[in-house]
Amino acid sequence: MSSNLNPYLSFKDNTRAAMEFYKTVFGGNLVMSTFKEFHASQGPSEDNLIMHSALEADNGITFMASDTPDRMEYKVGTNFSMSLSGDNAAELQGYFEKLLVGGNVTMPLEEAPWGDKFGMLTDKFGVAWLVNITGQK
């Protein structure tokens with residue numbers, strides 16, 4: 001079992017272009033999924049927006065990104081989060097709970113449409129955190 005910590009970037013309608021650019025810089029494997037693919041669109045304007053992307057370079061550099069739909073606040077300069085992910089449920093649940101002390105839940109840690117447990121919070125220092133616990137296959 002392992003846990004990973006990666007930066008998670010947020011863009012406004014240009015995640016696809018940004019991540020394709022970063023792939024030319026870092027190389028590696030790029031995976032992108034739309035809101036429509038995750039059945040998470042709240043209208044046609046969101047269908048082709050990127051809900052999740054991950055770039056994993058051969059040298060170990062890994063980061064993720066998504067588009068911010070109009071229904072969510074987007075502010076340049078605060079468009080990044082820290083992402084904890086992995087399959088160690090107890091460890092990741094513990095991190096979520098400890099980071100939450102003095103902070104606020106943005107999205108409860110619960111089952112997500114893609115089958116994992118997912119939650120979001122802002123810690124007491126204003127840092128945004130995403131926690132994804134890989135579901136059992």
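This is a predicted model: local features need pLDDT of at least 70, side-chain atom pairs count only at pLDDT 80 or more; totals for chains, interfaces and linings use all residues.
Local features need pLDDT of at least 70 and side-chain atom pairs count only at pLDDT 80 or more, while totals for chains, interfaces and linings use all residues. Residues are numbered from 1 along each chain as its sequence is written, and side-chain values use heavy atoms, without hydrogens and water.

Side chains of opposite charge can pair when their charged atoms come close. Two salt bridges were found in a search of the whole structure (a side-chain nitrogen of Lys or Arg within 4 Å of a carboxyl oxygen of Asp or Glu). One joins Lys-12 to Asp-70, with the closest N and O atoms 2.8 Å apart. Lys-12 sits in the loop between strand S1 and helix H1, and Asp-70 in the loop between strands S4 and S5, 58 residues apart. Helices (H or I, at least four residues) and strands (E, at least two) are DSSP runs, numbered from the N terminus. Asp-70 is exposed at 64% relative accessibility, and Lys-12 is partly exposed at 28% (buried is under 20% relative accessible area, exposed over 50%, partly exposed in between; 1.4 Å probe, protein chains only).

Glu-46 and Arg-71 form a salt bridge as well, at 2.8 Å from N to O. Glu-46 lies in the loop between S2 and S3 and Arg-71 in the loop between S4 and S5, so the pair ties together parts 25 residues apart in sequence. Glu-46 is buried at 6%. Arg-71 is partly exposed at 41%.

Leu-109 belongs to strand S6, residues 104–111. Leu-109 is buried, at 14% relative accessible area. Beyond its neighbours within four places in sequence, its contacts (heavy atoms within 4.5 Å) include Phe-96, Phe-118 and Val-131.
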